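Have a look at the structure first, then read on.

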Amino acid sequence: MTKKRRRLWVLLLCGLGLGSATALTLTAFQDNLVFFRSPSDIARNAPPPGRAFRLGGLVEAGSVTKQMGTDGKPDVRFKVTDGPNAVSVAYAGVLPDLFREGQGVVTLGKLGPDGVFRASEVLARHDETYMPPEVADALKKTGHWNPQQGAAPPAATWNTLEPAKPAAGRSGS
């Protein structure tokens, strides 16, 4: 075997090793990626069972129920909505101080076989003007907010089942 051919074989084996290492690394990271989904996304295409993801939207008015669990932790159930669809959420633990009905929320967890989202973490919005980017995108998609028409509407107005209606058109002159 000539030196030129030997170098070619070494280069090919190094390329194969590097490609294999890259493929294994990407496969390992794929299991740890956490995707954001809105209730409408889940209604269209439910994630596979056992897959962790973030669920974001608004806490539906009148849906929050609190009770004490058997382990002594508070057990909270509520619905997260983006307007047309809602997902039931179960969470065992203390909720953030800013958690309220009609407010934006992002939860981390898994969807159970019964269709209830089992949250391991609940994040509430920070102040009156903050809105998670994922929630803003979901509101834009469902027609509840158009950024060209001004600031986001108050949180209480997002919790409706009807998408926002466009402003009435002007009659031509």
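Start with serine 63, which sits in the loop between strand S2 (52-59) and strand S3 (65-68). Strands here are DSSP runs of E with at least two residues, numbered from the N terminus. Keep in mind that this is a predicted model, where local features need pLDDT of at least 70, side-chain atom pairs count only at pLDDT 80 or more, and totals for chains, interfaces and linings use all residues. Residues are numbered from 1 along each chain as its sequence is written, and side-chain values use heavy atoms, with hydrogens and water left out.

A polar atom of the serine 63 side chain lies 2.7 Å from the backbone oxygen of glutamate 60. Setting aside neighbours within four places in sequence, serine 63 is in contact (heavy atoms within 4.5 Å) with Arg77, Phe78, Lys79 and Glu101.

Glycine 102 is in another loop, the one between strand S5 (86-92) and strand S6 (104-111). Serine 63 and glycine 102 are 39 residues apart in sequence, and their C-alpha atoms are 10.0 Å apart in space. Here is how the two score for burial, where buried means under 20% relative accessible area, exposed over 50%, and partly exposed in between (1.4 Å probe, protein chains only):

| Residue | Relative accessibility | Class |
|---|---|---|
| Serine 63 | 13% | buried |
| Glycine 102 | 8% | buried |

Now for S3 itself. S3 and strand S4 (residues 74-81) run antiparallel and are joined by four bridges; strands pair if DSSP finds at least two bridges between them. Threonine 65 has arginine 77 in S4 as its bridge partner. The S3–S4 hairpin has five residues between the strands, and glycine 72 takes a positive phi near 90° there.

Conventions:
A polar contact is a pair of N or O atoms within 3.5 Å; within protein, one must be able to donate a hydrogen and the other to accept it, and residues adjacent in sequence count only if both atoms are side-chain atoms.
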